[in-house]
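Q: I have not looked at this structure before. Could you show me how to read it, one feature at a time?

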Amino acid sequence: MWIAAAIALLFVGFATGFTREFSGFFSAMGRYTFVYFGWFYVLSVSGLLIFLLWIAAGRYGNLRLGREQEPAQYSLGAWFAMLFAAGIGTVLMFWGVAEPLSHFIKPPFLEIEPGSRDAAKAAMNVSLYHFGLHTWTIFTLPALAIAFFSYRQDLPLRVSSVFVVFLGERIKGPLGRSVDLLALLGTLFGVAVSVGLGTLQLASGVSYLSGGDSSLAWQLVIVALVVLVATTSVALGLDKGIKRLSYFNIGLALVLLAFIWVLGPTLFITAGSVQNLGIYLQNLPWMSFWTEAYQGTSWQQGWTVFYWAWTISWAPFVGLFIARISRGRTVRQLVYGALGAPFLFTLMWFSVFGLSAIDLQMQGVDLASQVEADVSIALFSFLQSFPLSSFTSALSLIIILVFLTTSADSAALVMDNLSRPTQVGSSVWHRVFWMLLLGAVAASLLLGGGLKALQEVITALGFPFCLLLVAMAVALLKELRRSVAPQSIHQL
């Protein structure tokens, strides 16, 4: 706990006291990581997706995460709501309009004409690639590995438990604690980036609607508000706080989704959703391994590689959280559920908001200039073209705030679990401590340069966590083989 806290506080001091040096250092690190290891991010995530589908479809899929015939701990509805709220709810609110529109006006593929129908198809395809099966692969792999080792071998619900096949009893010593320290820091910085992005959107949304300025001071006030609400939730615990907030927010998000679907170009959205699914599945094989090698461009640095690095950095957190709520499910249920259900919701979300935004742009409503000027106000600018814009904008602000809260308080629970001795129970002050430190890191990232700094920091810091995910896949495969053939353990 204290080592992680000391590292985080040193980071906060550096980011706030030396903002120019902070920005320059991580800008250089981010560029270096992209140039030399961007391909590794792309290859690793796509390889892990294939690995998960393979183990779920085969003989390992029937293995239960717990005792045989043990029922699932949570109902399917509660499981999905908590799964999604702790995952990328904030991200979909931020990018649901902005990303498809960005790729529509500036396609990543050189042969496609900007603003054309081909650009529209490419924009939806790239958006679903970024937030579809690949994103949830990054969350599902550690969730499955942690749950498998914890519930079938009665090991602590920690990242280090996965490495028992390599370390044995040494997972209880310095090596095991180092793995958990890495996971803890990844959770802290990864979720801080999400809080930073959500804060930018909240501050920009309020200023856009009120006509005021989105000042840094106002952004810091919003961070403080998120921390206050999340601290209250995390003090209540999983069932009373996070579960109820998750149900509440998924309901609000569905209301907003249905509103745009009905009042927007309904037929275009509905037909486009079906075609988006087909285009995504058709292009998934080559998109999964596309690295811009023959284009000589660096588009992926600000998009694909940033997304993978960011998602990977907080994969230990979401993985631990999903493992925490998935006891009693089978390997197949966890893999198909954690990949399939969020993907279908993502498909609906981007089809409704992305296609509606593209349709408005093609009809002559200039949303593109708003996105280019400030990507964080894309959603609110988009909502101005619909009836009851004040209501839907206010509803969106609430949804963003609650998604930020559920991500932050889920992270605090996980950091609490990683940083205390296994024989010591959770305490409210411990969870509150991590919540406050999370807010401090998010505020320091905003002070250190805003969205650009967030992207550069996470691109650089995500690489060691990518290596950690690959190692977890190897450990899980070894344990799966042992579980179905215990007599062959000496051969592993």
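Q: Is Val206 buried, partly exposed or exposed?

A: Note that the model is predicted. The general idea is to compare a residue's relative accessible area with two cut-offs: under 20% is buried, and over 50% is exposed. Val206 has a relative accessible area of 28%, so Val206 is partly exposed.

Q: How far apart are Val206 and Phe380 in sequence and in space?

A: Read the two separations side by side. In sequence, 174 residues separate Val206 from Phe380, while their C-alpha atoms are 9.1 Å apart in space. For the protein overall, take the contacts with a separation of 6 or more: 83% of them join residues 24 or more positions apart.

Q: What kinds of elements does the protein have, and how many?

A: Count the helices and strands. The protein has 20 helices and 0 strands.

Q: At what angle do α8 and α18 pack?

A: Look at the directions of the two axes. Helix α18 covers residues 389-419, and its axis is 10 Å from that of α8, at an angle of about 165 degrees. An angle over 145 degrees counts as roughly antiparallel, and α8 and α18 are therefore roughly antiparallel to each other. The crossing of α8 past α18 is left-handed. Sorted by class, their contact has 17 nonpolar, 8 polar and 1 charged residues.

Q: How do α5 and α11 cross?

A: The steps are those used for the other pair. Helix α5 (residues 117-131) and helix α11 (residues 266-287) have axes that come within 9 Å and cross at roughly 65 degrees. That makes α5 roughly perpendicular to α11. The crossing of α5 and α11 is right-handed.

Q: Is Thr311 buried or exposed?

A: Thr311 lies in helix α13, residues 304-313. Thr311 has a relative accessible area of 6% and is therefore buried. Apart from neighbours within four places in sequence, Thr311 is in contact with Thr135, Ile138 and Phe139. Across the protein, buried residues make up 62% of the 492 residues.

Q: Which residues touch the most other members of the largest nonpolar core?

A: Find the set first, then the members with the most links inside it. The largest nonpolar core has 173 residues, and Trp95, Phe353, Phe382 and Met472 touch the most other members. Helix α15 (residues 331-362) gives the most to this core, with 16 residues.

Q: What is Trp95 in contact with?

A: Neighbours within four places in sequence are again left aside. Trp95 is then in contact with Pro100, Phe131, Trp303, Tyr307, Trp310, Phe350 and Val375.

Terms used. Residues are numbered from 1 along each chain as its sequence is written. This is a predicted model: local features need pLDDT of at least 70, side-chain atom pairs count only at pLDDT 80 or more; totals for chains, interfaces and linings use all residues. Side-chain values use heavy atoms; hydrogens and water are left out. Axes are lines fitted to C-alpha atoms, for helices over the stretch in contact, and angles run from 0 to 180 degrees between N-to-C directions. Helices (H or I, at least four residues) and strands (E, at least two) are DSSP runs, numbered from the N terminus. Angles under 35 degrees count as roughly parallel, over 145 as roughly antiparallel, 65 to 115 as roughly perpendicular and the rest as oblique. A crossing is left-handed if the near helix is turned anticlockwise from the far one by less than a right angle, and right-handed if clockwise. Buried means under 20% relative accessible area, exposed over 50%, partly exposed in between (1.4 Å probe, protein chains only). Contact means heavy atoms within 4.5 Å. A nonpolar core is a set of buried Ala, Val, Leu, Ile, Met, Phe, Trp, Tyr and Cys residues joined through side-chain atoms within 4.5 Å. Ala, Val, Leu, Ile, Met, Phe, Trp, Tyr, Cys and Pro count as nonpolar, Asp, Glu, Lys and Arg as charged, and the others, Gly among them, as polar.
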